[in-house]
Amino acid sequence: LPYAEQLQWYSFNEPPKASISERAVINDFKGEWVSFVQPLQKVLSIIQRWRDSKTTWWTLRDERLIERVNTPLTASRDEWAEAYMDLAKLVVEGFETKTIRARLDELRVEYSKEDKTIILLETLLSARMGGQIQKLDGLRTVQLLRSKAKGHAGGSEAEQLAQDALMEHESFTNHFNDVCAQVADELEAIEKACDDGH
């Protein structure tokens, strides 16, 4: 375009009104290859590996969840809460509690019959790490937000969780990516602790 016309069009420029992913900026606008993996994609890659290898300690409950879980891209609290609901259904609900208890029994590690999946996994990880206490903060966050932000009809606690996420991470997208990065690391640790050839 002639320079005068470029200036004409330039006068209509506005700051972006919606966020855009880092992958889109690099790949679509800069025309470069993306050399990193988004945190959710890393989680999905691990989950698909577990599904394909038919692990005994985790089962994919619904194939559609792999396609359904998405990173929230807007400022919508509902979209953010829905993303955590889908992530919890995909990851946390897939663990086979009986198998994890059997692994703990094999290792002669004590646990309570009331212990739920995440506590059992932490106990197993701690046992495999020579008694050093292991916490699955990413999975705990997913489960908390699933029950508080989406599972219940809102309320002050859900509102506070949303405000805390925005305060610390500036957007629901950043918060979700940060939690998914934690979850991916935790899933790899769980895989090492559980994988004994089964």
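This is a predicted model: local features need pLDDT of at least 70, side-chain atom pairs count only at pLDDT 80 or more; totals for chains, interfaces and linings use all residues.
## Packing of H6 against H7

Helix H6 spans residues 97-106 and helix H7 spans residues 117-128. The two pack at an angle of about 30°, and their axes lie 10 Å apart. Angles under 35 degrees count as roughly parallel, and H6 and H7 are therefore roughly parallel to each other. Their crossing is left-handed.

On the H6 side, the contact involves Thr97, Ile100, Arg101, Arg103 and Leu104. These residues meet Thr117, Leu120, Leu121, Thr123 and Leu124 of H7. Sorted by class, the contact of H6 with H7 comprises 5 nonpolar, 3 polar and 2 charged residues.

## Packing of H7 against H10

H7 also packs on helix H10, which covers residues 172-194. Here the angle is about 65°, with the axes 10 Å apart. This value makes H7 roughly perpendicular to H10, a description that applies to angles from 65 to 115 degrees. H7 passes H10 in a left-handed crossing.

Leu121, Leu124, Leu125 and Arg128 are the H7 residues in this contact. Their counterparts in H10 are Ala189, Ile190, Ala193 and Cys194. The contact of H7 with H10 contains 7 nonpolar residues, no polar residues and 1 charged residue. Leu121 and Leu124 of H7 meet residues of H10 and also take part in the contact with H6.

## Packing of H5 against H10

Helix H5, residues 77-90, packs against H10 at an angle of about 15°, with the two axes 10 Å apart. That angle makes H5 roughly parallel to H10. The crossing of H5 past H10 is right-handed.

H5 contributes Arg77, Trp80, Ala83, Tyr84 and Leu87 to the contact. From H10 come Phe172, His175, Phe176, Val179 and Cys180. By class, the residues of the contact of H5 with H10 divide into 8 nonpolar, 1 polar and 1 charged.

## The second largest pocket

The second largest pocket has a volume of about 160 Å³. Its lining consists of Trp80, Thr141, Leu145, Leu161, Asp164, Ala165, Glu168, His169, His175, Asp178, Val179 and Gln182. Helices H8 (137-150), H9 (155-169) and H10 (172-194) are the elements that each give two or more residues to this lining. H9 gives the most, with 5 residues.

The lining of the second largest pocket divides into 5 nonpolar, 4 polar and 3 charged residues. Trp80, His175 and Val179 are among the lining residues, and these residues also belong to the contact between H5 and H10.

Technical notes. Residues are numbered from 1 along each chain as its sequence is written. Side-chain values use heavy atoms; hydrogens and water are left out. Axes are lines fitted to C-alpha atoms, for helices over the stretch in contact, and angles run from 0 to 180 degrees between N-to-C directions. Helices (H or I, at least four residues) and strands (E, at least two) are DSSP runs, numbered from the N terminus. Angles under 35 degrees count as roughly parallel, over 145 as roughly antiparallel, 65 to 115 as roughly perpendicular and the rest as oblique. A crossing is left-handed if the near helix is turned anticlockwise from the far one by less than a right angle, and right-handed if clockwise. Contact means heavy atoms within 4.5 Å. Ala, Val, Leu, Ile, Met, Phe, Trp, Tyr, Cys and Pro count as nonpolar, Asp, Glu, Lys and Arg as charged, and the others, Gly among them, as polar. On a 1 Å grid over the protein atoms alone, a cavity is a set of points where a 1.4 Å probe fits but cannot get out, and a pocket is an open set with protein on both sides within 12 Å along at least five of seven lines; lining residues have an atom within 4 Å of a point. Grid points are joined across faces, edges and corners, and a volume is the space filled by probe spheres set on the points.
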